[in-house]
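User: I would like to learn how to read the features of a protein model. Please take me through one.

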Amino acid sequence: MSGIERHFISMESATAPRNGAGYYPCQGLYHTRAGEKPKTAFIATHYNVDFSEHYLAEYMAKRGFGFLGWNTRFRGAEAYFLLEHALVDIGVGVRWLQQEAGVENIVILGNSGGGSLMAAYHSQAVDPVLEATPGLKVPAAAKELIPGDYYISLCAHAGRPEVLTDWMDPSIIDETDPASIDAALNMYDPENGPPYSAEFIQCYRAAQVARNDRITAWVYSELDRLRQVGMFDRAFNMHRTWADLRLMDGSIDPSDRPVGQCYAGDPKAANFSPRSIGLNNTLRTWLSMWSLMSSPCRGAPHLAKIKLPALVMQSLSDTGVFPGDAKNIYELLGSTDKSLELMAGDHYLLEPHDARDNYADKIASWLGARL
């Protein structure tokens, strides 16, 4: 996009120095209109995905805002994620915006899986009560975060444990055998649907929660076992997480999405492939990011602490985030000034052709009314 400048930012974190090979743990690109120093800027970060060249960055810069697409040390390293250190790294980006870029208004953008991460950041900034992952300590820098001024949720999941559980295949019998199947809980067995009966949906959802809880129980017992032999942690795989009933039954949480599609294409093929969220974990990463019982990445506690002006936006053709998810985030937000917008578009706003411009215009208009 012409007329847009991109400045590469790389910095140390309070809990991670520059790597011996030369790279810094915190990296990103700051987008602005050429020659300008905006007073209002966005920051967007994800648990794992590289957001430095976020698809909205140039669109918002074109409209006179700064946009810092920011990465923590865990970009591309989801298996080792720890929330307390990710928040410290996000704080590095926010501080840079204030102290180096001269930004006066920080817009926290929670996009896709990064929605709950950015909500957790602001929550910890205003109420630093985060508990450490077992065996670790909350770093001092995680108690000195700078809060945002506005919060925007864009095609986001409420929380990391919630989306994983919604997508989990509860029919797996043996966690070490990705081919094991309980036919009675197999959403891809034509005997079960689609469409899925109310009884099947109820049993299925309960079994998804039970699977998450079983893994958590095993993780705690495994930590105890490892401790006895002097080990601190270990890695493990978790299979089959393209199994949200909404993928195959459009009557559940209706929208304009194409039924029978997920971000990885055909849901059944994806479910039985080694490409999925949460595939690789350490025990402590499971507790920090994915566990319903233990993870501080659940959305509700953090969203309730967001009192900022807030905008929730959801695309109606999204195949992985649904209107019900956006409505849930909207209800959970503690803001009194909050808006919910359901608009045309897919998850990445590639379709229709003007989706990104439309969303950028809506965001700019919403902010303009409040700045």
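Predicted model: local features only at pLDDT ≥ 70, side-chain atom pairs only at ≥ 80, totals over all residues.

User: How many helices and strands does the protein have?

Analyst: Helices (H or I, at least four residues) and strands (E, at least two) are DSSP runs, numbered from the N terminus. Here there are 10 helices and 10 strands.

User: What does the radius of gyration say about the protein?

Analyst: The radius is taken over C-alpha atoms, and the globule rule is 2.2 Å times the number of residues to the power 0.38. For 371 residues a compact globule would come near 21 Å, and the protein agrees because its radius of gyration is 21 Å. The C-alpha atoms fill a box of roughly 60 × 50 × 40 Å along the principal axes.

User: What share of the residues is buried?

Analyst: Buried means under 20% relative accessible area, exposed over 50%, and partly exposed in between (1.4 Å probe, protein chains only). Buried residues are 56% of the 371 in the protein.

User: Which residues of H7 are buried?

Analyst: The buried residues of H7 are Leu-283, Arg-284, Thr-285, Trp-286, Leu-287, Ser-288, Met-289 and Trp-290. That is 8 of the 8 residues of H7, so the helix is largely enclosed by the rest of the structure. Contact means heavy atoms within 4.5 Å. The buried residues of H7 pack against helix H2 (83–99), helix H4 (160–167), H5, strand E7 (235–237) and strand E8 (280–282).

User: At what angle do H5 and H7 pack?

Analyst: Axes are lines fitted to C-alpha atoms, for helices over the stretch in contact, and angles run from 0 to 180 degrees between N-to-C directions. Helix H5 (residues 198–228) and helix H7 (residues 283–290) pack at about 145°, with axes 9 Å apart. From H5 the contact includes Asn-212, Ile-215, Trp-218 and Leu-226, and from H7 it is made by Leu-283, Arg-284, Trp-286, Leu-287 and Trp-290.

User: Where is Lys-305, and what does it touch?

Analyst: Lys-305 sits in the loop between helix H8 (299–303) and strand E9 (310–315). Leaving aside residues up to four places away in sequence, Lys-305 touches His-122, Ser-123, Val-126, Asp-127 and Val-129. Lys-305 counts as partly exposed because its relative accessibility is 25%.

User: Which peptide bonds are cis?

Analyst: Omega is the value to read. A cis peptide bond joins Gly-193 and Pro-194, with omega about 5°, and Pro-194 is in the loop between H4 and H5. Another cis peptide bond joins Glu-351 and Pro-352, with omega about -10°. Pro-352 lies in the loop between strand E10 (338–343) and helix H10 (355–368).

User: What is phi of Cys-155, and is the residue buried or exposed?

Analyst: Phi of Cys-155 is near 45°, a positive value in a residue other than glycine. Cys-155 lies in the loop between strand E6 (150–154) and H4, and counts as buried because its relative accessibility is 0%.

Note on methods
Residues numbered from 1 in each chain as written. Heavy atoms only, no water.
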